[in-house]
Amino acid sequence: MKRTAKTLLVGTVGAAGLFLASTTTANASTTVKVNKNDTVWALSQKYGVSIQAIETLNHINQNSHLILQNQSLQIPDKAAKNTANTSKTTATSSVSVKAGDSLWAIAKEYNISVDTLRSLNGIATDETLIQPGQTLKVTGTPKTTTTTSNTTTQAANTNSTAATQSSTTTASKVTVSTNHVTYTVKSGDTLYTIAQAYGVTVASLRAANTLGSTLVLGQTLTINDPTKTPATTSSAASSSSTASSTATTAASSSSTTAATSSTTAASSSTPASSAASSTSTVASSSSTASTTTGTSSTNNTTSSSAVSSSSQATQSSTAATSSSTSTTTSSVSASSIVSYAEQLATMGIPYVSGGTSLSGFDCSGFTQYVYAHFGISIPRTSEAQSAIGTYESVSAAQPGDLLFWGGRGSAWHVGIYVGGTSYVAAPTTGETVSLKSFQYFQPSFAVHVN
């Protein structure tokens, strides 16, 4: 009897242990609701677990790290954290920082987020400086050895982004006014030069046409409400040129007549064979001189009139040129900056660390070059550029503004906003200056250059 009781007691304790173990396993994670401005990195810091553990448990995309407000997330317990850390440690490798490297460039090379890179190396969120020769821990493999599966996924994401942009372009409303003309794109044309020729804005051209990132030779553009007519301007210039040419011809004719008069006068002093002939010659000479003088006077009057007309035409031309210069200067705007940046994006200019010219740019060298083209001076580095101008949220950014990734005064990447989710930048080593989308790579803030 005693033995039976002992067996029952052991069995009961064992069952209770199994029940407790089951309960522990069931409660191995904590459920939290995502608040406004929460990120996976912030939650990992708050609960002392890894980003990878949270993302794996909740099936979060480890490239975009996207979570939504009011979303319910499971936070793994310490055991899960240790498991995730063990897994992460196994997959961790080291990389030596080279000259020109940045946190963003290394994270992109290994297909991980900057937050993950910071977390692996204990780098604070407001710290951006890394030194050549420094060793950093990374996970994953570099782009050069990325698996076919990852390549396929990236290609699908790219196609999805292109389809979204195409859909947005197709859905954009095109406005055509009653008073409009058409223009056929020629070699060397840009939106800016066409807008200047017709006295309209680049924004107006965009509103009246479905445009890609570049103009195509032979493409037909609709121009709404032009204030200038290039053909008329050309005709007026031609008329002025004709008037100037007429004046020059008249002056030349007057000079020739005067020279003829002098020659005739000189001939009148030549000795003759007889007095009668001499007298006749003198009389003829006198008559000729008189006639020449009258002609010269008339020609001088005509020349004076022509020169006066030429002077007026020149003054009108100068005034027109001055007016045109004034208009061009005052028309330099954000749309001009966007158009020029887009033009450079079609030239295949490579990324060069420290580059500041058309032979190669880094991100801040490119933005400085574009603004300098319009006489606007901004600092050389992204850190310094991010501290100038008027701070704006990304949602309030206007085309032509600067977009920054990182902190104000410590940004590590910069580009020029062109509208929608698009920007132009010199991205990273191995790529060229190009039009990019930040749909999956959100900037931190924008700056309007005053």
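Analyst: Trp104, Trp405, Trp412, Tyr417, Tyr423, Phe438 and Phe441 form one aromatic cluster. The model is predicted: local features need pLDDT of at least 70, side-chain atom pairs count only at pLDDT 80 or more, and totals for chains, interfaces and linings use all residues. Residues are numbered from 1 along each chain as its sequence is written, and side-chain values use heavy atoms, with hydrogens and water left out.

A pair of aromatic rings is described by the distance of the centres and the angle of the planes. Rings of Phe, Tyr and Trp (its six-membered ring) pair if their centres lie within 6.5 Å; planes under 30 degrees apart count as stacked, over 60 as edge-to-face and the rest as tilted. The structure holds 14 aromatic pairs. In one of them, the centres of Tyr340 and Phe374 are 5.8 Å apart and the planes stand at 90°, so this pair is edge-to-face. Tyr340 belongs to helix H12 (residues 334-344), whereas Phe374 sits in the loop between helix H13 (363-373) and helix H14 (382-385), 34 residues apart. Helices (H or I, at least four residues) and strands (E, at least two) are DSSP runs, numbered from the N terminus. Tyr340 is buried, with a relative accessible area of 13%, and Phe374 is buried at 15%. Here buried means under 20% relative accessible area, exposed over 50%, and partly exposed in between (1.4 Å probe, protein chains only).

Trp412 lies in strand S11 (residues 410-419) and Phe441 in the loop between strand S13 (434-437) and strand S14 (445-448), so the pair ties together parts 29 residues apart in sequence. Trp412 is buried, at 15% relative accessible area, while Phe441 is partly exposed at 24%.

The nonpolar surroundings come next. A nonpolar core is a set of buried Ala, Val, Leu, Ile, Met, Phe, Trp, Tyr and Cys residues joined through side-chain atoms within 4.5 Å. Of the 27 residues in the largest core, Phe366, Val370, Leu402, Ile416 and Val433 touch the most other members. H12, H13, strand S10 (402-407), S11 and S14 each supply at least two residues of this core, and its largest share, five residues, comes from H12. Leaving out residues up to four places away in sequence, Val370 touches Ile337, Tyr340, Ala341, Leu344 and Ile416, where contact means heavy atoms within 4.5 Å.
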